[in-house]
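Here is a short briefing on one protein model. Look at the sequence and the structure first, then work through the points by topic.

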Amino acid sequence: MRFADLKNRKVGICASGGLVSTFIAQRLKEEDIPYEQFIVDIGQPADEEFCRSAEKNSLLRSAVLIDLREEIATVFLEAVRAQAQYDGGYWNTTGIARAVTVRGLVQALRSAGCTIFAHGAVHGGNDEFRFTYYLKMFAPEIQPFSPWEDLSTSVRFKSRTAMGDFIVDADPKAIQTKAEHSVDANVGGVSHESREVEVFSNNTESILPIMGVPLSAAPDVPERCSIRFVQGIPVEFDGQPVTAFEALTLANAIAGRNGVVLKSVLENRMNGTKGRGLYESPGLDLLGVATRQLLQATVDKDSWEMLRFLSPFIARQIYAGRMFDPATQAALETVHRLAANADGIVDVSAYKGSYIAECVRDYKKTRFTAQQFRFQHGGQRWITESVV
């Protein structure tokens, strides 16, 4: 599909303030093609937040904002309950964002009369497939569009710098930064890509975290918090009820101020190649440790083995853009059932990017999770507690 094919059709742009989606808006404006921009609020932190991006980019000021913060946080907590980490401990922050974004945008696209959907994903990459796959699932009547399908665009703009120079309606400094360093952010975490990052042999010390302080700036004293879970999902922090988004936001704040680890992940991409990215997900890392401790205390041995079997499958499916496939949803429902008794409180300490589950208390006990004691009864033999 070329730009000429878009005449007399309305394009919906999934705008983020990023370089590519801003470039698409500028190209459509140049070609006099009607479009409407939609920005999803998925809890983007710091300068990636929509309101700050809009201040620097006049193209975004008329964008429609759709609040998906609670939706995306709920999915993240389900992924944590499933312990679904992809290569290198990656919590699929980008893959989950694409799934929630497309599902959440469909009704707005239809209401605005958009028959074409344009996104800011790099051509030929994981995200382009994810956007296309989820769009076909939720709105098959809306066609996806990539500007690189138009040969004149790929010939005219051969670099991200050239794309940035073309975007006259945006803040030049901000766009130049995005030309050199790509960031994808949401409440679950941030991914960093750049020429420096993608070369395996390069040191990446110049990349700084967005969601908190570097380890060198973290306090010298651990910070403790208590998290209450119901069926493996956090519902209280230090005795205060929280929604899914509030739980993840609090976890990010606690973990972030105690040092953010940037994970250098050499991941297996969808097309069979290797890729490198730097990922930060402080709140998910903290919750992941607490959830695992609770599951080990409350889930019986065979169920725990099944959950551990499902974890990598769910992670691979989400990474591959198949979160809403029947098999993935069945696996997530199974995890929910396995974690039916995962109720209790976990006390966690955060210290310079590491998290320790100090204790599990007030947890639900069943005959499948009876504990054995030795020193409580003299130390010379094991006694199994009586659980009704």
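Predicted model: local features only at pLDDT ≥ 70, side-chain atom pairs only at ≥ 80, totals over all residues.

Are α3 and α10 roughly parallel or roughly perpendicular to each other? They are roughly perpendicular.

Residues are numbered from 1 along each chain as its sequence is written, and side-chain values use heavy atoms, leaving out hydrogens and water.

**Where α3 meets α10**

- Helix α3 covers residues 69-81 and helix α10 covers residues 244-257. Helices (H or I, at least four residues) and strands (E, at least two) are DSSP runs, numbered from the N terminus.
- The two axes come within 7 Å and cross at roughly 70°. Axes are lines fitted to C-alpha atoms, for helices over the stretch in contact, and angles run from 0 to 180 degrees between N-to-C directions.
- From α3, the residues R69, E70, A73, T74, F76 and L77 meet A244, F245 and L248 of α10. Contact means heavy atoms within 4.5 Å.
- This contact has six nonpolar, one polar and two charged residues. Ala, Val, Leu, Ile, Met, Phe, Trp, Tyr, Cys and Pro count as nonpolar, Asp, Glu, Lys and Arg as charged, and the others, Gly among them, as polar.

**Helix α3**

- The 13 residues of α3 should span 18 Å at 1.5 Å a residue, and its end C-alpha atoms are 18 Å apart, which agrees. The expected span is 1.5 Å times one less than the number of residues.
- Buried residues of α3 include I72, V75 and V80. Buried means under 20% relative accessible area, exposed over 50%, and partly exposed in between (1.4 Å probe, protein chains only).
- Q83 follows α3 and has a positive phi, near 55°.

**Helix α10**

- α10 has 14 residues and reaches 20 Å from its first C-alpha to its last, close to the 20 Å expected.
- Its buried residues include A247, A251 and I254.
- The buried residues of α10 pack against α3, β8, β9, α11, β13 and β14.
- The axes of α10 and α11 come within 7 Å and cross at roughly 100°. That makes α10 roughly perpendicular to α11.
- In this contact, L248, A251, N252, I254, A255 and G256 of α10 meet P282, G283, L284, L286 and L287 of α11. By class, the contact has eight nonpolar, three polar and no charged residues.

**The open sheet**

- Five strands form an open sheet in the order β3-β2-β1-β4-β5, with parallel pairing. Two strands pair if DSSP finds at least two bridges between them.
- β3 and β5 are the edge strands, and each pairs on one side only.
- Neighbouring strands of the sheet are turned by 30° against each other on average, direction ignored.
- Three bridges join β1 to β4. Here I13 stands opposite A118 in β4.
- Helix α5 packs on the sheet and touches β1, β4 and β5. The direction of α5 makes about 165° with that of β5.

- V199 is found in the loop between α9 and β8.
- V199 counts as partly exposed because its relative accessibility is 34%.
- V199 and R276 are 77 residues apart in sequence, and 7.3 Å apart in space from C-alpha to C-alpha.

Note on methods
Parallel < 35°, antiparallel > 145°, perpendicular 65-115°, else oblique.
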